[in-house]
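The following paragraphs lead the reader through one protein structure. Please keep the sequence and the model in view while reading.

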Amino acid sequence: GDYKDSSDNGSYEWGGSLSMPRELYADENNQLCQRPVKEVLRLFSETKFQAKNVDLNTAISTPQNYLLTATLDPDTTRPVATINFRESADGDEAYRLTIDFNTQEISIGSKYKTYKRSCDFDPLKPLRVQLFIDGTIAECFIDDAYCFTMRIYDLTEGNLSFLSTSPELTVEKVSVKTIR
């Protein structure tokens, strides 16, 4: 859906692009899951950033539109992990994807709106994140199972960073890719 006046604090309206193509499938426990289709993943073929590990609180420069892939390993601390994207230069504003390994809640949001839900993942195992930023749409897939989508109007560019309530969280296998 859209937000009124194409603003993050606008009221919710229906219309516009809804989401990217995805595959729905049943996992081994017969739970309905979602993952991006392979054809979309193949489009993101130009690597802009790649690292085996990324330190927490490190700003990563990103293009305006991209696919972030990263694995968040909570170790045994069950932290709250946050990925800030399109973060303002002063760091005061950003869109956020938050994964609470203690409560098993995942949310995506801004200072105006946050969409949160409980997810049935193992809080002691690493989670793979695929975050697509395309114009005014942010869409995130967690472990090829859970999907979160929201409109992002106000911040049109900015850095990416990883935060955590525990220094034991490791951010691994990080890549930022664009469409060639």
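This is a predicted model: local features need pLDDT of at least 70, side-chain atom pairs count only at pLDDT 80 or more; totals for chains, interfaces and linings use all residues.

The place of Q104 is in the loop between β8 (95-100) and β9 (105-109). Residues are numbered from 1 along each chain as its sequence is written, and side-chain values use heavy atoms, with hydrogens and water left out.

Q104 has a positive phi, near 60°, although this residue is not a glycine. At 22% relative accessibility, Q104 counts as partly exposed.

Another residue with a positive phi is R78, which is not a glycine and has a value of about 50°. R78 is found in the loop between β6 (66-73) and β7 (80-87). With a relative accessible area of 35%, R78 is partly exposed.

We turn now to charged side chains. How many salt bridges does a search of the whole structure find? The search finds six, where a salt bridge is a side-chain nitrogen of Lys or Arg within 4 Å of a carboxyl oxygen of Asp or Glu.

One of them joins R35 and E23, whose closest N and O atoms are 3.0 Å apart. Because R35 lies in strand β4 (residues 32-36) and E23 in strand β3 (residues 22-26), this pair ties together parts that are twelve residues apart in sequence. R35 is partly exposed, with a relative accessible area of 25%, and E23 is also partly exposed, at 33% relative accessibility.

A further salt bridge links E46 with K48, and here the closest N and O atoms are 3.0 Å apart. E46 counts as partly exposed at 26% relative accessibility, and K48 is partly exposed with a relative accessible area of 46%.

K111 and E93 also form a salt bridge, with 3.5 Å between the closest N and O atoms. K111 lies in the loop between β9 and β10 (114-118) and E93 in the loop between β7 and β8, so the pair ties together parts that are 18 residues apart in sequence. K111 counts as exposed, at 56% relative accessibility, whereas E93 is partly exposed, with a relative accessible area of 32%.

Definitions and conventions. Helices (H or I, at least four residues) and strands (E, at least two) are DSSP runs, numbered from the N terminus. Buried means under 20% relative accessible area, exposed over 50%, partly exposed in between (1.4 Å probe, protein chains only).
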